[in-house]
Amino acid sequence: MPAQPEGDVPPLDGGLPDAARARAGRDTFSAYVHVPYCRVRCGYCDFNTYTADELGPGANRADYRDQLSREIALSRDVVADTPLTGRSFDTVFFGGGTPTLLPAQTLAGVLDDLRAGFGLAAGAEVTTEANPDSVDAAYLQTLADAGFTRVSFGMQSAVPHVLRTLDRTHDPARIGEVVRAARAAGLDVSLDLIYGTPGESPADWRTSLEAVLEHQPDHVSAYSLIVEPGTRMGMQVRRGELPMPDEDDLAEKYELADELLAEAGLRWYEVSNFSTGDRTRCEHNLAYWRNADWWGYGPGAHSHVGGVRWWNAKHPRAWADRLGRGDSPAVGREVLDDDTRALEDLMLAARIDGEFPLDRLATSARPHISRLLADGLLAPQTLAQKRIHLTLRGRLLADGIVRILSDHLLT
């Protein structure tokens with residue numbers, strides 16, 4: 001797992017600077033709940049996860065909800081007397097790890113605790129990630145009855161040898177069963193894919209995309225594989241046992257995904273995310289990309305409120321011990337200045353179709369905009385609508401476009 005970022009030491013009570021307290025609450029307010037437990041640790045994954053049996057009392061699954069309730073109480077104290085006072089959560093997202101390794105009643109109970117602590121806005125989006133082999137119809141119905149609205153299944157691939165390389169344990173044939181069960185419970189369905197796994201051919205990737213479309217999901221996330229140092233896959237690549245993903249191969253696979261998903265009515269709204277329409281976009285992820293306020297609960301979770309970003313102790317035992325002492329679990333934070341916030345706004349919003357307004361750029365950016373249009377990286381409606389719209393080729397080069405425009409930001 002990667003080391004935590006360097007930052008300032010936050011106060012033990014988790015209190016925020018006055019400037020951040022004043023800025024809080026200008027946008028949406030979200031909750032992220034990190035559930036760090038997994039049945040096995042996948043070779044490509046560098047998330048903050050632990051196999052379910054390696055943690056002792058206080059940090060294990062049985063004690064998780066009680067510990068989390070302490071952080072919810074602390075978060076209420078931290079945002080007291082700010083514009084977030086009385087604000088309900090607009091979105092809630094349970095991620096991991098595998099949240100659905102917890103009993104459905106535990107996830108429902110955590111949602112009840114968030115509802116009691118802050119409330120849920122009318123029409124709030126409530127999502128959990130799930131492995132296909134960790135849920136059944138009764139489990140999904142319990143979540144729906146508790147107020148969950150979406151489930152995001154980690155499908156990753158429909159090809160057995162690709163799943164084996166990724167250390168994924170589910171049977172691809174089970175995807176259809178859990179999708180049908182989720183729909184029967186009234187839940188929206190997202191399917192998550194990874195492309196670029198060593199040994200995955202273009203035909204394999206097409207097979208996965210076609211399998212996804214057979215299930216008619218509301219939403220698809222398609223992420224290119226990133227080989228992270230320190231993971232088992234990273235070590236396999238370093239030893240020459242697996243090849244490093246090829247950039248041209250990744251680009252071709254992204255283009256195929258865009259083509260097939262668009263033909264099926266799933267339109268991109270963020271570089272790696274596609275939905276059937278505005279209603280089925282993931283509003284929680286949009287809150288991240290818009291630099292809105294969110295509180296991250298759980299071991300290693302990151303938060304952002306009013307231009308302050310902080311992160312919790314990673315190990316569940318360290319997280320639980322701090323809460324047990326009545327202290328904030330935050331172990332580091334960063335106070336963002338105006339220039340940094342403006343740059344992050346560009347970096348994030350430029351990835352969302354039509355989100356970044358051109359009036360945030362100085363007149364010195366005009367020649368660069370003209371060149372990006374001429375090179376086919378920005379769509380023509382960019383000028384007409386005064387907002388950045390990336391073409392397919394522009395999405396493949398989004399990071400480079402951001403670097404070009406970042407020198408011309410107005411703060």
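This is a predicted model: local features need pLDDT of at least 70, side-chain atom pairs count only at pLDDT 80 or more; totals for chains, interfaces and linings use all residues.

Me: How much space lies in the second largest pocket?

Reply: The second largest pocket holds about 610 Å³.

Me: And which residues lie nearest its centre?

Reply: Asp27, Thr28, Arg290, Asn291 and Ala292 do, out of 29 residues that line the second largest pocket.

Me: Which strand gives the largest share of that lining?

Reply: Strand 5, with five residues. Strand 4 (89-96), strand 5 (120-130), helix 10 (283-289) and helix 12 (338-349) each put in at least two.

Me: OK, switching to helix packing. How do helix 3 and helix 4 cross?

Reply: Helix 3 (residues 104-117) and helix 4 (residues 137-146) have axes that come within 9 Å and cross at roughly 10 degrees. Angles under 35 degrees count as roughly parallel, so helix 3 is roughly parallel to helix 4.

Me: Which residues make the contact?

Reply: From helix 3, Ala104, Gln105, Leu107, Ala108, Leu111 and Arg115; from helix 4, Tyr139, Thr142, Leu143 and Ala146. By class, that contact between helix 3 and helix 4 has seven nonpolar residues, two polar and one charged.

Me: Zooming out, how many helices and strands does the chain have?

Reply: The chain has 16 helices and 14 strands. Its C-alpha atoms fill a box of roughly 60 × 50 × 45 Å along the principal axes.

Terms used:
Residues are numbered from 1 along each chain as its sequence is written. Side-chain values use heavy atoms; hydrogens and water are left out. Axes are lines fitted to C-alpha atoms, for helices over the stretch in contact, and angles run from 0 to 180 degrees between N-to-C directions. Helices (H or I, at least four residues) and strands (E, at least two) are DSSP runs, numbered from the N terminus. Angles under 35 degrees count as roughly parallel, over 145 as roughly antiparallel, 65 to 115 as roughly perpendicular and the rest as oblique. Contact means heavy atoms within 4.5 Å. Ala, Val, Leu, Ile, Met, Phe, Trp, Tyr, Cys and Pro count as nonpolar, Asp, Glu, Lys and Arg as charged, and the others, Gly among them, as polar. On a 1 Å grid over the protein atoms alone, a cavity is a set of points where a 1.4 Å probe fits but cannot get out, and a pocket is an open set with protein on both sides within 12 Å along at least five of seven lines; lining residues have an atom within 4 Å of a point. Grid points are joined across faces, edges and corners, and a volume is the space filled by probe spheres set on the points.
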